[in-house]
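Please read the following briefing beside the sequence and the coordinates. It covers backbone angles, a charged patch and model confidence.

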Amino acid sequence: MTIKKILILNGSSRKKGTSFSFSRTIKTLCEDTGNSAEIIHVIDYFKGKEELHQLKELMLQSDIIAMVAPLYSDTLSYYDIWFLERLVSEYSHELRGKDFFAIGQCGFPDITRNEPLLNTCRFFAEEVGMRWLGGLSYGGGAMINGAFLEDLGKKGEKIILGFKFALEDVLQGHQISSKSQELITVEIPKILQWPLVAFLNYHTRKKARENGNIDYKRRAYLE
Amino acid sequence: MSIVILDGMERENNTSSMFERVLKENLEKTFYFKLRDMNIAPCSCCESCSYTTPGKCVVNDDAHEILKTIAKSDTVILLSPIRFGGYSSCLKKIVDKFMLLILPSYRLKKGYLLHPARYGKKILIGIGVAEDVLKEQEENFEKLVEHNAHNLQYPYKTHILRSSEEIEKAEDEVNSILKVVHEG
Ligand SMILES: Cc1cc2nc3c(=O)[nH]c(=O)nc-3n(C[C@H](O)[C@H](O)[C@H](O)COP(=O)(O)O)c2cc1C
């Protein structure tokens, strides 16, 4: 098999968040198979820390491009849409024919929340003539909050395994199989839903107390 | 009855002009925001709006004026070209700040975890302008509006305008929107 290169786009405005943690694992797993990977941060291009025109080389050198992104208001963040709009208008030619896949992760546990984000990635790929290899959805990314997957015990192991299978697929140019999604899906049993809400609200009140007993329900824009 | 329209179209176009005219003719309290002409900083996820300055963004930009108007209104209309089956970046800049319209606490509704609304219930209307996009993209746009409405816990409606359609047809759509607004 020829050596392939994956260009991973970290779509988060937080360079050390969960999207980065996922990107980092994908990079390591990719290198373990003798292939190569590079992570770039969309936010660096938005802020002008990196020059957009330098992307051209990076894209030409890559065989596969991956978007790893947090869910902001139910889809890709402003930064990521801005980035994809730039790619379409300036680099369609460089991207044509390459493979593309995406990982969306959100705060809430429900994986269906990421559907609009993953579809948007697919429509982008189709618009520039890339081959869409599929998307993975992770629910509960806020709980991980940037922690490295190898430090998360069983939960982390399953996600790593899910990503490993997905990489095997994409490196062979195949669609990501449903096995990967099954491995990374965390189901919260119904009976634990109320205790979870109580736990999360306990933390909300605790944080408010720590911030000088602040009224987090303030209707600031009506004052 | 007051209505806020967040226009995420990137340049002058007939649809926006028609919307602005018909809405202003029919509703006294129409607040029309042409986002492309405004200075809105994107959300940097600093989390200050949760516990430091609850419900308020710490960045000084035009988003405050928009959010203040939304807080006082009954209806929010999102207008955008359908971009990759969703919103244009021009509209998304303000939609990312909708986090300010919800609380950092949690509730459970029909098995879904949600953040309670900060300013009560409003009507959300998403209007996608389709230029040569596939049906699938239109459906994803509608799904996105539905998800936004679900998270905000607002009732919602979606409309797809095909730019090839005559402006009268679009006017009919606006009138049906006005009907929804009047009926609450
Ligand atoms: C502006 C903003 C909007 C968000 N909107 C959603 C949302 O609609 N649904 C959701 O489940 N999580 C939402 N989240 C939570 C993030 O998706 C989640 O915390 C994610 O793990 C952050 O990824 P990161 O660590 O890579 O930045 C939002 C976060 C921010 C900052």
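A:D74 of this predicted model lies in the chain A loop between β3 (64-70) and α4 (78-95); helices (H or I, at least four residues) and strands (E, at least two) are DSSP runs numbered from the N terminus. Residues are numbered from 1 along each chain as its sequence is written, and chains are lettered from A in the order in which they are written. The model is predicted, with local features needing pLDDT of at least 70 and side-chain atom pairs pLDDT 80 or more, while totals for chains use all residues, and side-chain values use heavy atoms, without hydrogens and water.

**Positive phi**
- Most residues other than glycine have a negative phi.
- A:D74 has a positive phi near 75° and is buried, at 3% relative accessible area (buried: under 20%; exposed: over 50%; partly exposed in between; 1.4 Å probe, protein chains only).
- B:Q153, also not a glycine, has a positive phi of about 60°.
- B:Q153 sits in the chain B loop between α5 (135-152) and β7 (156-162) and is buried, with a relative accessible area of 14%.

**Charged surface**
- B:R107, B:K109, B:K110 and B:K121 form a positive surface patch (residues with over 30% relative accessible area and no salt bridge, like charges joined within 9 Å; a salt bridge puts a Lys or Arg side-chain nitrogen within 4 Å of an Asp or Glu carboxyl oxygen).
- B:K110 is in the loop between β4 (107-109) and β5 (112-114) of chain B and is exposed, at 76% relative accessible area.

**Confidence**
- Chain B averages a pLDDT (the predictor's per-residue confidence, from 0 to 100) of 92, and 96% of its residues score at least 70.
- The model scores are ipTM 0.96 and pTM 0.97.

Notes. Patch = residues over 30% accessible without salt bridge, like charges linked within 9 Å, V, L, I, M, F, W, Y side chains within 5 Å. Areas by Shrake-Rupley, 256 points an atom, 1.4 Å probe, with all protein chains shown as cover. Lys, Arg positive; Asp, Glu negative; His and termini not counted. Charge placed at Lys NZ, Arg CZ, Asp CG, Glu CD.
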